Amino acid sequence: MDSAFKALADPTRREILKLLRKRPRTSGEIAEQFDTAWPTISRHLGVLRDAGLVLSERHGQQVVYELNTTVFNDVVEQLLDWIRPGRKHA
């Protein structure tokens, strides 16, 4: 869970996730949306993948990324757990 929160802390990674809300995209399509160098976007995608926030699948020369909603459900549940009245936090 810590890696998911760390990944979400970066504004570029949050923008990538917003792009993926609409539909899966190739790494090239994602990179086109930013003025950042391709290797930087690739690192951001790696952080998101390692945190489990996105899934990737190779299609020939292209890698397609999509949101992993299961992990998002876990993150939201954790956040809600923190704000529920009467809950003790570890």
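Me: What's the relative accessible area of Arg84?
Reply: Arg84 comes out at 31%, so it's partly exposed. Keep in mind that this is a predicted model.

Me: Ok, which side chain does Arg84 meet in a salt bridge?
Reply: That's Asp81, at 3.3 Å from N to O. There's a network here too: salt bridges link Arg84 and Asp81 with Glu77.

Me: How many salt bridges does the count come to?
Reply: Four. Among them is the one between Lys18 and Glu15, whose closest N and O atoms are 3.4 Å apart.

Me: Where do Lys18 and Glu15 sit relative to each other?
Reply: Both are in helix H2, three residues apart, so about one helical turn separates them. Lys18 is partly exposed at 43% relative accessibility, and Glu15 is partly exposed at 37%.

Me: And what does Glu29 form a salt bridge with?
Reply: Arg23, with 3.6 Å between the closest N and O atoms. Glu29 counts as partly exposed at 25%, and Arg23 is partly exposed too, with a relative accessible area of 39%.

Me: Switching to strands. How many bridges do S2 and S3 pair over?
Reply: Six, in the antiparallel sense. Strand S3 (residues 62-67) is also joined to strand S1 (residues 25-26) by two bridges, again antiparallel.

Me: What about the hairpin of S2 and S3, how many residues lie between the strands?
Reply: Two, and Gly60 in that hairpin takes a positive phi near 65°.

Me: Now Leu55. Which strand is it found in?
Reply: S2, which covers residues 54-59. Leu55 has a relative accessible area of 40%, so it's partly exposed.

Me: Skipping neighbours within four places in sequence, what is Leu55 in contact with?
Reply: Val64, Tyr65, Glu66 and Asn68. As for Thr70, which is 15 residues from Leu55 along the chain, the two C-alpha atoms are separated by 11 Å.

Me: Last topic, helix H4. How far does H4 reach from its first C-alpha to its last?
Reply: H4 has 13 residues (38-50) and reaches 18 Å, close to the 18 Å expected at 1.5 Å a residue.

Me: Which residues of H4 are buried?
Reply: Ile41, His44, Leu45, Gly46 and Leu48. The buried residues of H4 pack against helices H1, H2 and H3, plus strands S2 and S3.

Me: And what's the phi of Gly52, which follows H4?
Reply: Positive, near 80°.

How values were computed: Residues numbered from 1 in each chain as written. Predicted model: local features only at pLDDT ≥ 70, side-chain atom pairs only at ≥ 80, totals over all residues. Heavy atoms only, no water. Helix = DSSP H or I, 4+ residues; strand = E, 2+ residues; numbered from the N terminus. Buried < 20%, exposed > 50% of the residue type's maximum accessible area, 1.4 Å probe, protein only. Contact = heavy atoms within 4.5 Å. Pairing = 2+ DSSP bridges. Expected span 1.5 Å × (residues − 1).
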